[in-house]
Amino acid sequence: MKKDFLSPELQKLNYANPVHLAAVGFGSGLFPKAPGTMGTLVAIPLYLLMTSVLELGLWQYIGIVALASVIGVYICASASKAMGVHDHGAIVWDEIAGYGITMIAAPQGWVWVILGFALFRFFDIVKPGPIGWLDRNTHGGFGIMVDDVLAGVFALAGVQLIYYITL
């Protein structure tokens, strides 16, 4: 990959390394504007692959999302260490995992995909209450992941509440 257009921090990543490539959301985190939003957009086809193409059951889906969240601590820590920057905006694996959490047991259909996206981005950007506290007070790979995991839990609750209300 030609790196001339990348910032000095991003030039330190090895894009042939699958861990670094995953950390930047397979390139989506390299967008100069709104990399977190771009990373979340990458999560949508992954969600659709698991639910619509592979037709995974709920527990299989939860298992994959839980695994993505746990290994995300290592993935994000590795990229952060290589760049020498804590939670660089280009690291978007946490957004991918957070959106996966948002969509646990979500109803099928584009309305729910878009609603989940909007709610997750809201909680990830605004960082209300404990999400913001965790973002400010935790560090390393765990610190990069935990606020997005909690944003995903809040967005999951929002999706489920809206579904329940609209039944």
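**The lining of the second largest pocket**

Tutor: Gladly! α3 supplies the largest share of the lining of the second largest pocket, three residues. The model is a predicted one: local features need pLDDT of at least 70, side-chain atom pairs count only at pLDDT 80 or more, and totals for chains, interfaces and linings use all residues. Residues are numbered from 1 along each chain as its sequence is written, and side-chain values use heavy atoms, leaving out hydrogens and water.

A pocket here is an open set of points on a 1 Å grid over the protein atoms alone, where a 1.4 Å probe fits, with protein on both sides within 12 Å along at least five of seven lines; a lining residue has an atom within 4 Å of a point. This pocket has a volume of about 160 Å³, that is, the space filled by probe spheres set on points joined across faces, edges and corners.

The elements giving two or more residues are α3, α5, α6 (110-126) and α8 (140-166); helices are DSSP runs (H or I, at least four residues) numbered from the N terminus.

By class, the lining has nine charged, four polar and four nonpolar residues, where Asp, Glu, Lys and Arg count as charged, Ala, Val, Leu, Ile, Met, Phe, Trp, Tyr, Cys and Pro as nonpolar, and the others, Gly among them, as polar. For context, the lining of the largest pocket has 15 nonpolar, one polar and no charged residues.
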